[in-house]
Amino acid sequence: MSRFAAAGKADGGQGVAVRQALGKSLSVDQPRRRWAASPDPLEGDERPTVEGVLRDLKRVPLARLAATAFIIFWAILFARFSWEAPIGVGPDGHWHFPPRAAQPRQTIPIATDAERALFDLRQAFGERRQKVDQDPRIILIPYTQDTLRATAKRSPLDRAILARALANIDAMSAKAIGIDILIDQPQPEDPQILAALKAMKTPVWLAYANRRYAPDEIEQWQQQFMDSWSRQLAGSQVRQTSVRFEADNDNVLRRWPALPAGLPPFMPLALSGVPPSFHYQGSIDFRVPANHERPVFAKLPIDLFADPVTAPMMADQVRDRTVLIGGDLPDRDQFEIPSTRVDGPTMSGLEVHASMLAQLLDRRLPSPVGSVSLWVLAVLVVLCGAFTAMLDVRPWVVALAVLGQLIFFVGAPFIFEWSGIDTYGLPAFGWLGGWTLAYAATGAAVRAVGSEQRRYAQSALGKYLPRDIAAQILRDPAKLSLTGEKRALYTLFTDIEGFTVLSHRLPPDKVATILNAYLDGMCDIVLDQGGTIDKFVGDAVVAFWGAPIARDDDADRAVSALLAMNAFTQQFSARQSEDGAHLGRTRVGLHYGEAVVGNFGGEGRLSYTALGDAMNCAARLEGANKYLKTVALISDEAKSRTTLDIFRPMGRIILSGRATPIVVWEPAPDMDPRLRARLGQLWDAYESGDRAALDEIEQICLTCDKDAALSAFACRLREAGPGGAVQLTEK
C-alpha cells in the first residue's frame with residue numbers, strides 16, 4: 001500500500017480538530033438539537049446540556065458575571081416598580097423606605113410618564129369599545145357661563161340662585177343632592193342659602209375641605225367659616241362630604257382618591273349609600289356616550305331650576321334621580337382624564353363625581369393585579385429576555401421569539417384592561433425595559449463566552465490553518481466546503497529519512513519528545529507560509545495550498561515552505577545530534593494538480609482533507625527522492641507556476657504505480673545561478689536530440705563530484721536517452 005493510501009486510511013486528526021474547533025456552525029446533516037440532563041460522551045458536543053450551559057457560565061469572567069447578575073436584579077426591580085418606586089415622600093421632602101401610609105410614592109423619570117401614557121391609551125381605547133347610553137339615575141345641574149353672565153358673579157358663585165334652585169328641586173322627589181361647591185367665605189346672600197338648606201327634606205351632601213389636606217388652597221379663616229356653617233346646619237338634612245380628588249403629578253385624574261382620617265365621606269360614596277368601611281382606590285371608569293347628541297349624564301343649567309316659571313317643567317328630569325350641583329366652567333375645576341391625553345376634552349369636577357358615582361352604582365370596580373403576580377410577571381419577563389439572548393437557533397426563530405414577546409408586552413395589558421382587570425400600576429413599559437436590560441446584559445455575557453469560544457476556535461484552527469484563513473472561515477464558515485469540491489492544489493509530503501530505525505533505538509518518551517518538537521516546527525513553517533495542514537502520518541507531514549482559500553502566490557508560498565523545511569531540519573538535526581539522537585534528512589515532494597477537498601468520513605467523525613491523484617503524486621515524489629539522491633522534488637506542473645528561479649532539472653521519471661512520465665526539478669538555491677541556468681539549457685538541448693549536451697552535463701558532474709543527485713541525473717539521462725523516462729519501481 002502506498003504511503004498516501006495509508007494516509008487516507010489514517011485517523012485524520014486535523015480534520016477532527018478543525019470540526020471540533022468550528023463546532024456546530026460547520027456541521028453537515030446535524031441531528032435536531034435536544035436538551036439533555038448530562039452529556040453523552042458518544043455524541044460529542046452536538047447536544048446542548050445543562051452541564052454545558054453551566055460550563056459556559058464558568059467561562060464568563062467573574063466580574064462580568066457579577067455585573068450581569070446585578071443588571072438582571074435591577075431589571076427585575078424595574079419591571080416591577082416602573083410606575084412608582086417603593087419609596088414614600090414625606091411632607092418634608094424626605095424619602096422613606098418602605099413608604100408610610102398615605103405618602104405619595106417617588107416617581108421614576110421617563111418610566112412613570114411612559115406607564116401613564118400607556119395606561120391612558122388603554123383607557124381611551126377601552127372607553128371607545130364600551131360606549132353607553134345616557135344614565136337615567138344621575139342628573140347634573142351646573143353653573144354655566146350663561147349663569148355667571150346673568151348673576152354677574154364669578155367667584156364665589158352666586159348663592160341666591162342656588163338657594164332658589166334647591167327649594168324647587170326639594171319638591172321634585174330627588175333621591176339625593178350633592179353640592180360640589182365650597183361655601184368657604186361669607187356672602188350677602190348667606191342667610192337665604194342657609195335658610196334653604198335648613199328647610200331641605202331631600203338628603204343633601206355639601207362639599208367640605210380640610211386645611212390639613214389642602215394647605216395651599218384653604219386658609220385658616222376659610223376653615224373656620226366652613227366649620228361654623230357645619231354647626232349651624234346641625235340637625236338638618238345637610239351633611240358634609242369630601243370632594244377631594246387625587247390627580248397624578250401630571251394633573252391627570254386616573255384613580256379614586258385615598259380616604260384619610262379626618263375627612264367626611266367622599267361624595268360618590270356618600271351619595272351611593274355604601275357602608276363607611278367601604279374603600280376603593282382603583283382607576284376611574286370613564287365612559288363614552290353611544291350617541292354624541294346624548295351625553296352619558298343629562299345636564300341642565302341651574303338657571304332653569306331657579307326660575308319659578310321653568311322649574312316645574314323640570315320635575316320629571318329630577319324625580320328619583322341623584323342630583324349633582326356644581327360648576328361646569330371652561331376655566332375652573334377642569335381636569336384632564338386619560339382620554340384627554342389622547343384626543344379628548346377635559347372634564348369638569350362635577351362630571352368626574354358623576355362618573356365615579358355611576359361606576360360605584362354599577363359595581364364596576366375592577367381589581368388590580370396583585371403584588372405577588374406582579375413580582376412573578378417581572379421575573380418571568382426578565383427571564384424571557386435573558387433566555388432569548390441565549391438562544392442559539394436560526395435568526396428567524398429568534399426574530400419570531402422577540403416578536404412574540406413584544407406582542408405580549410403590548411397586547412397583554414390591553415387584554416387585561418378589556419377583561420375587567422384594573423391595569424393602573426401594571427408595568428407594561430417596565431416589562432419592556434426589564435426585558436431589554438436582561439437581554440442586553442445576558443447578550444453581553446453570551447458574547448463574552450462566544451468571544452472566548454471564538455478565540456479558542458481560532459486558536460484551534462490556527463494550529464492547522466493560517467491565522468488569516470482561520471479568521472475568514474470563522475467569519476464565513478461557508479468558505480470551508482462541507483461536502484467536497486474539486487480544487488487545484490499544491491500538495492506537499494514530507495518524511496524523515498531513517499526515523500523508523502531511530503525510533504527503535506531510543507526510549508519511547510525520548511522519541512515522543514523529539515517528534516513533537518519536530519512536527520511543531522514543521523507546522524509553524526506551513527502555517528507561516530499560508531498552507532493548510534492536512535494530517536500527520538507518523539513522522540510525515542501532509543499539507544496543501546489552495547484550500548479552503550486560494551491565493552495568487554500559493555506556488556511561491558509552497559516552495560518557500562519546502563526550502564524552510566529543509567533548513568529547519570538541518571538545524572533541528574544538529575541540535576538533536578548533540579543529545580545523541582541524529583535525525584536523517586527530511587525528504588519533500590511537491591506537486592500541483594486537481595484534488596477533491598472537503599469533509600469526508602462518517603457522521604460524527606469527519607476529516608477535512610484532500611483526495612485524488614494530486615495527493616498521490618506528491619507522496620510518490622517524496623518517495624522518489626531516495627532513488628534520485630535528492631532531498632526535495634517538485635513536479636514541472638508546480639515549478640511552472642512559481643516565480644522563483646532556483647530549480648535545476650532532475651529529468652523525466654515514471655513514478656511507481658503511474659504510467660505517464662513526469663518532469664521533476666530540485667530546488668537548488670545555493671547553486672551558482674549561472675551553472676543552474678546552464679544545466680537547464682543543456683537538459684532542453686538533450687531532450688531535443690543533442691547528445692553532445694549530455695557530455696557537457698557529465699563534465700559539470702565531474703566538477704561537482706560531491707553532488708550525488710547531479711551525478712544520478714546524468715546517469716538517468718544516459719540510460720533513458722533523449723525524450724526518454726526512467727521507471728521507478730519503488731514507492
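Start at helix α26 and select A709, L710, A712, F713, A714, R716 and L717: these residues are buried (under 20% relative accessible area with a 1.4 Å probe, protein chains only). The model is predicted, so local features need pLDDT of at least 70 and side-chain atom pairs pLDDT 80 or more, while totals for chains, interfaces and linings use all residues. Numbering runs from 1 along each chain as its sequence is written, and side-chain values use heavy atoms, without hydrogens and water.

Now show the cover. Over the buried residues of α26 lie, among others, α22 (613–628), β18 (647–654), β19 (662–667) and α24 (673–687). Helices are DSSP runs of H or I with at least four residues, and strands are E runs of at least two, numbered from the N terminus.

Check the length of α26, residues 708–720. Its 13 residues should span 18 Å at 1.5 Å a residue, and the end C-alpha atoms are 18 Å apart, so the two agree. The expected span is 1.5 Å times one less than the number of residues.

Step just past α26 to G721. Its phi is positive, about 80 degrees.

Select L694, D695, I697, E698, I700 and C701 in α25; they meet L710, S711, F713, A714, L717 and R718 in α26, contact being heavy atoms within 4.5 Å.

Methods: Buried < 20%, exposed > 50% of the residue type's maximum accessible area, 1.4 Å probe, protein only.
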